[in-house]
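Please read it alongside the sequence and the coordinates.

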Amino acid sequence: MEVISRHSVACVSYPLTSSNLSPHLKRIPSSCTFQVNLWPSWRFPKRLFFQNGLSTIRWEVEKCSVKISKIVSSSDKSKRQVSVPFLRVVVGVVLALSVSVAIKQGPSWSLSEENRLFLEAWRTLDRAYVDKTFNGQSWFRYRENALRSEPMSTREETYTAIRKMVSTLNDPFTRFLEPEKLKNLRSGTQSSLTGVGLSIGYPTNIDSSSTGVVVISAAPGGPASRAGIFPGDIILAIDDASTDGMTIYDAANTLQGPEGSSVDLTIRSRDEIKKVMLKRERVTLNPVKSRLCEIPGSAKDASPKVGYIKLTSFTQNASDAVKEAIETLRSNNVNAFVLDLRDNSGGLFPEGIEIAKIWLNKGVIVYICDSRGVRDIYDVEGSNAVAASEPLAVLVNKGTASASEILAGALKDNKRAVVFGEPTYGKGKIQSVFELSDGSGMAVTVARYETPAHTDIDKVGIKPDHPLPASFPKDENDFCTCVQDPSSACYLNGAQLFSR
């Protein structure tokens, strides 16, 4: 048996001998051969092949067509006798070679390392992506067409092919991450990062006329906050490069940089357009700040005490920090809590779930849904509840997004808290990050979520129970004034704060 290669097709020639022919075919000359061609499945019409793994097997008889036709035509009887044994020989050869040759030999069309990386990315989306229609396209056909037509000779060409594949989903939150971008993304959930202290997103339905990227929140005390950049402001340009058409991830990478370097932003704040130069610095992400406020009562001993907790992000161990703040405030005999989620753009989904369990002793936290409906339910058993009984108020604004919206929705729908403020940002989709074998990664929309009342808040947000006074401060040091001084413009008495 001889194995040769012709233009990426492995060919196996199998000689016909008296030992492998039926008696009716022994008159076929010994020079005849069966030829078996092993083709990549994407190079052959479906109706002419069957698949075995990644290979497709086709058979044909060469050199013997004239001889066989003469034997068969000698008589009708001979024709009937030859056809069945002949087919048995052919089928036997095909089955044997499909196992022994296709597997043992290394055909020249086998998948390259770049092809395998592309298929790894394709499989990640195939298994995890929330929309199983893949934006109305045949996902398997896309794979076959891409392997046939997309250049993948270098790693950069493969990355380009993966980015092109992801773009067909038309999902701004599902994206491919080169190794450095994956590293940067993971650093954003740590305790600190170097940048200007901004959380950004795409304009929502409320900002449908806007282009560019929108500021979700500015880290308190960070460069952007000190420069007077507020939630809802639109970043029109970064270092004179327009953000129109720029992804939020490219914008975020541009905003980050070496400590001490500067970046120029063009900002639209309401009707005003201004240019701001910010110096990048190490921004410490201390997720929790707290303050004890004593509200005047009829007698000093009976004065209610409110524990104010500001949660700025859902970083690692944010739930432990919230528990610690609650225990510290309780040691001072607080009677109620205020949880401030304003300008909290989210973070780690599991931390949002754990913090909800701190305040709830029963009930659903969130429903995880896909195209077929509810696929998972996160609820509370009560074992982790730390502060499930004291009155609770939650403060939100349009900078409240993602995991903080899950938390606010759970506390509102379970009637655990009264929500004050303005409608939240409205990011109702959940992404998971998957690392690929070469250190790159995929951020994939794996689900959407619904609040316990089955409200889909994507692009709509959580609606508060009551508005806050326009002058209500965001700093924990000024909060107490608004619950202590009836003459202040932001004043809320205790009855208003915890009343439905």
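The model is predicted. Its protein chain holds 13 helices and 23 strands, and 48% of the 500 residues count as buried. Two disulfides are found in total.

**Overall architecture**

- The accessible surface of the protein chain amounts to about 24500 Å², and carbon and sulfur atoms account for 49% of that surface.
- Of the contacts in the protein chain between residues at least 6 apart in sequence, 68% join residues at least 24 apart.

**Disulfide Cys-293 to Cys-480**

- Cys-293 and Cys-480 form a disulfide, with an S to S distance of 1.8 Å.
- This pair links distant parts of the chain, since 187 residues separate the two cysteines.
- Cys-293 belongs to strand β15 (residues 288–294), while Cys-480 belongs to helix α12 (residues 476–484).
- The torsion about the S-S bond of Cys-293 and Cys-480 is -75°, and the link is left-handed.
- Cys-293 and Cys-480 are both buried.

**Disulfide Cys-482 to Cys-490**

- A disulfide also connects Cys-482 with Cys-490, at an S to S distance of 1.8 Å.
- The disulfide of Cys-482 and Cys-490 is left-handed because the torsion about its S-S bond is about -90°.
- Cys-482 is buried, as is Cys-490.

**Tyr-367 and strand β18**

- Strand β18 (residues 363–370) contains Tyr-367.
- With a relative accessible area of 12%, Tyr-367 falls under the 20% cut-off and is therefore buried.
- Leaving aside residues up to four places away in sequence, Tyr-367 touches Val-374, Asp-376, Ile-377, Arg-448, Tyr-449, Glu-450, Thr-451, Pro-452 and His-454.
- One of these contacts, Pro-452, lies 85 residues from Tyr-367 along the chain, with 6.7 Å between their C-alpha atoms.

**Cys-369**

- Cys-369 has a relative accessible area of 1%, so this residue is buried.

- Helix α10 (residues 349–359) is mostly covered, as nine of its 11 residues are buried.
- The buried residues of α10 include Phe-349, Ile-353, Ile-355, Ile-358 and Trp-359, and Glu-351 and Lys-357 are also among them.
- Gln-316 sits in the loop between β16 (305–311) and α9 (318–330).
- The relative accessibility of Gln-316 is 43%, which means that Gln-316 counts as partly exposed.
- Gln-316 and Pro-350 are 34 residues apart in sequence, and their C-alpha atoms are 9.3 Å apart in space.

**Second largest pocket**

- The volume of the second largest pocket is about 520 Å³.
- Its lining comprises 21 residues, and those nearest the centre of the pocket are Pro-231, Arg-270, Lys-398, Glu-422 and Lys-474.
- Sorted by class, the lining of this pocket has nine nonpolar, eight charged and four polar residues.

Methods
Residues are numbered from 1 along each chain as its sequence is written. This is a predicted model: local features need pLDDT of at least 70, side-chain atom pairs count only at pLDDT 80 or more; totals for chains, interfaces and linings use all residues. Side-chain values use heavy atoms; hydrogens and water are left out. A disulfide is a pair of cysteine sulfur atoms within 2.5 Å. Helices (H or I, at least four residues) and strands (E, at least two) are DSSP runs, numbered from the N terminus. Buried means under 20% relative accessible area, exposed over 50%, partly exposed in between (1.4 Å probe, protein chains only). Contact means heavy atoms within 4.5 Å. Accessible areas come from the Shrake-Rupley method with a 1.4 Å probe; for residues, only the protein chains shown count as cover. On a 1 Å grid over the protein atoms alone, a cavity is a set of points where a 1.4 Å probe fits but cannot get out, and a pocket is an open set with protein on both sides within 12 Å along at least five of seven lines; lining residues have an atom within 4 Å of a point. Grid points are joined across faces, edges and corners, and a volume is the space filled by probe spheres set on the points. Ala, Val, Leu, Ile, Met, Phe, Trp, Tyr, Cys and Pro count as nonpolar, Asp, Glu, Lys and Arg as charged, and the others, Gly among them, as polar.
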